[in-house]
Amino acid sequence: MKKMKDSRTSSIVLHNGLIAALALFWLIPIIWLVCTSFSAYTGMNTSTFFPKEWSAANYLKLFHPDSVAQFPQWFFNTFVIACFTCVISTMFVLMVAYATSMMRFKMRKPLMNMAVILNLFPGMLAMIAVYFTLKSFNLTNSYAGLIMVYSASSGLGYLIAKGFFDTVPRALCEAARIDGCNEARIFFRIVLPMSRPIVVYTVISSFLVPWMDFVYAKMILNAGISDRYTVAIGLYKMLDKSLINSYFTQFCAGGVLVSIPISILFMIMQKFYVEGITGGAVKG
Amino acid sequence: MAAQEKNSAAAAVKGFFKAIGSFFRDFGTAVVKGDAFVKLSLLWIGAGYAKRKQYVKAVLMTILEIAVIMFTVKFAMQYVPKIGSLGTVKMEKVFNMKTMKSEFNDYDNSFTILLFSLFSFVVWLAAAVVWFKSVINAYALQKMEEEGQHINTFKEDLRSLTEEKFHITLLTLPVLGVVIFTLIPILLLIFVAFTNYDQNHMPPTELFSWVGLSNFINLFGGGGLTTTFGYAFVRVLGWTLVWAFFATFTTYIGGILLSLLLNSKKTRWPKMWRTLFIVTIAVPQFVSLLLVRNFFSNGGIVNTICQNIGLTGFLRNIGLVSTSYIPFLSAPGWAHVMIILINIWIGVPYQMLIATGVLMNLPADQLESAKVDGATKFQIFRKITMPYLLFVTGPALITDFVKNINNFNVIYLLTQDVYTTTNQAMANSQAKEVDLLVTWLFRLTQDYYNYKMASAIGIIVFIICAVFTLVAFNRMIKGDKEGTYQ
């Protein structure tokens, strides 16, 4: 009897050991990122995994910008872009989701089918043509252009929110309609307050788009003026061949600083996403 | 089954054309059966509304009609007539006798001609729809009047936008956004692929013109000895497909295995482990990938470690490496394998999250009854868990495959500035062995201004994606369970 228990314990230990080993393996680069950001040396540490001398100087330097590294300015730029994108995208997504979920009209099915097709074509492909167009309207190297690119087509990502609205009990809306509520009031007063998880999810995910994006920012902010960059482009430029030896550890420090808020938001988003999906299922 | 699948896509397309057909039929009936004012609406859009005492609407429609006419005369006519040639007058400096200064002549800009003509076509199309629609409306109003029904005042019309027509209020802006930032660019891309818009034909100083299919002929290996695009295209396309295949399947299988491991009953603190894995994807890719790129660089930390433990020497002895370092991301072969491996690192946690979500929704009653019937754990896994998982996540494989064809970030961030090709033929077309079609396209646009070839490649990517997309689309329509919860 005791022997059997022993073999069970050892199998549990083995099982968890395997997971721990995998997790460690997965985290090696992240650990290296954090360690290197505290290195006293400015270039890449190529001889040892951990820095030889520790220092917090890189973080301090980030807040004393020079001509190359203007981290606070980049952070601010990205924040402004993210706020605008967030407001526009959230509105678009919730509007489309409500219209397709709660209302019935003639063009509903054709529009939804079009959206499925357009959704499956990656936005990447229209990229160069968007660039042409923005260029001819002088919108390259401007935040307005970037915000438009991030948020204009966001209505296509309505499916998750629609899935949630689908589970809001119809009886409630019918009752409101009988009481003389118009559709707009039902939307703002009944459906939105009941859909908190999905609203939070939409807000966070659209806020994260400019923080996570690299391609569009690289394409549109291509004039090479450092204080107009977003965080992504700024950090990327720090690793230029001519700059990498004096800025690598600062890049790591900047990477850590920008990753912390993003990771937290990402985790919250995951939670609300799961809540949105399962919560909806229970209600249905 | 295949026939059935075809039907669903065909049905969607059929439905679309049916809607258009019935729209024209309504228009036809309105014109034939309408009274004088409905017929007058063909010329003056406001006529029908004015007769039915909807004066505000009539005024608005008249203003709209005038606006479209003004747009046509003042704006569109500058560009649309030139679309056949894309402009003939080159930019030149001319000495102006009156002002005694040299000034630019009244030159043509091929790109603006193309873009604004396209824009005019879209505006005209929209105007035509409004025009047809108001004739139909005028006829509907006529019938309502004959039957003595109440005709909405303008105030009531406005209010209907927050009531039964609320969807119009909701959808106008998002649809407009999609049209301007997705549809028009795609059309523009298609047009540019048939021109010679490149570095030697850059507006405003130079003109470009239509060249027919010659860009595509270049891409498929024609066009004489001087061009190497055909050579590069085949290789880049091959690697794109190989990459998409491996990237999709390795992360898919890895993600399922990892989620099974984490969701096993033996696991202690599953939430903590899951969080640790998610950290890798929560860090933005431009940080994590740029870091990994330096982690594996030629003089980087991994190379130092390999040197110290003698791995580099061993590899040199067996002939896998000819340099004093391991060229993880800077030599063909090595770079290809490394990119797929690094992609496993960022792709598996993501797939794990999805698979975990699916596993949590596993039908519990089936598991219970299997246990009662005395099935072993392995049998349950093989007969219930696995089929369910594959059934639910299977269709997503196709969308993942398409996404990987266009996975710009991984390739660009890992290899840009690090990987230089030694293959002259590839270099001549600005391609590298590790390029995907999209990264190649991006470089052609951004660094070499070769818009014509970039657009042609873009169309090819489009077609490849469309084939896979249609398959996925059928699956999705089949799995459309909308309404089952309502």
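I began with confidence along chain A of this predicted model. Helix 13 (residues 244-283) of chain A has the lowest confidence there, with a mean pLDDT of 77, and helix 3 of chain A has the highest, at 92. For chain A I noted an average pLDDT of 84, with 93% of the residues scoring at least 70. I then looked at residues 279-284 of chain A, where pLDDT stays under 50. The model has 7 contacts beyond four places in sequence for that stretch.

Next I looked up the contact between the chains. Chain A puts 75 residues into the contact and chain B puts 78. On the side of chain B that touches chain A, helix 7 (residues 166-192) of chain B supplies the largest share, 15 residues. I sorted that side of chain B into 48 nonpolar, 24 polar and 6 charged residues.

Then I turned to the nonpolar cores. The largest has 153 residues, and among those with the most contacts inside it I listed A:Val96, A:Tyr98, B:Phe286 and B:Leu441. Helix 3 (residues 71-102) of chain A gives the most to this core, 15 residues. I checked B:Leu441 beyond its neighbours within four places in sequence: it is in contact with A:Ile128, B:Ala454, B:Ile457 and B:Gly458. I also found a second, separate core of 11 residues, including B:Val38, B:Met61, B:Ile136 and B:Ala138.

Last, I took down the domains of chain B: domain 1 (1-26), domain 2 (34-179) and domain 3 (229-478). The C-alpha centres of domain 1 of chain B and domain 2 of chain B are 29 Å apart.

How values were computed: Residues are numbered from 1 along each chain as its sequence is written. Chains are lettered from A and ligands numbered from 1 in the order in which they are written. This is a predicted model: local features need pLDDT of at least 70, side-chain atom pairs count only at pLDDT 80 or more; totals for chains, interfaces and linings use all residues. Two residues are in contact if their C-beta atoms, placed from the backbone, lie within 7 Å. Helices (H or I, at least four residues) and strands (E, at least two) are DSSP runs, numbered from the N terminus. Ala, Val, Leu, Ile, Met, Phe, Trp, Tyr, Cys and Pro count as nonpolar, Asp, Glu, Lys and Arg as charged, and the others, Gly among them, as polar. Domain bounds come from an automatic or database domain assignment. A nonpolar core is a set of buried Ala, Val, Leu, Ile, Met, Phe, Trp, Tyr and Cys residues joined through C-beta atoms within 7 Å. A residue is buried if 20 or more other C-beta atoms lie within 10 Å of its own, exposed if 12 or fewer, and partly exposed in between; C-beta atoms are placed from the backbone. pLDDT is the predictor's confidence in each residue, from 0 to 100.
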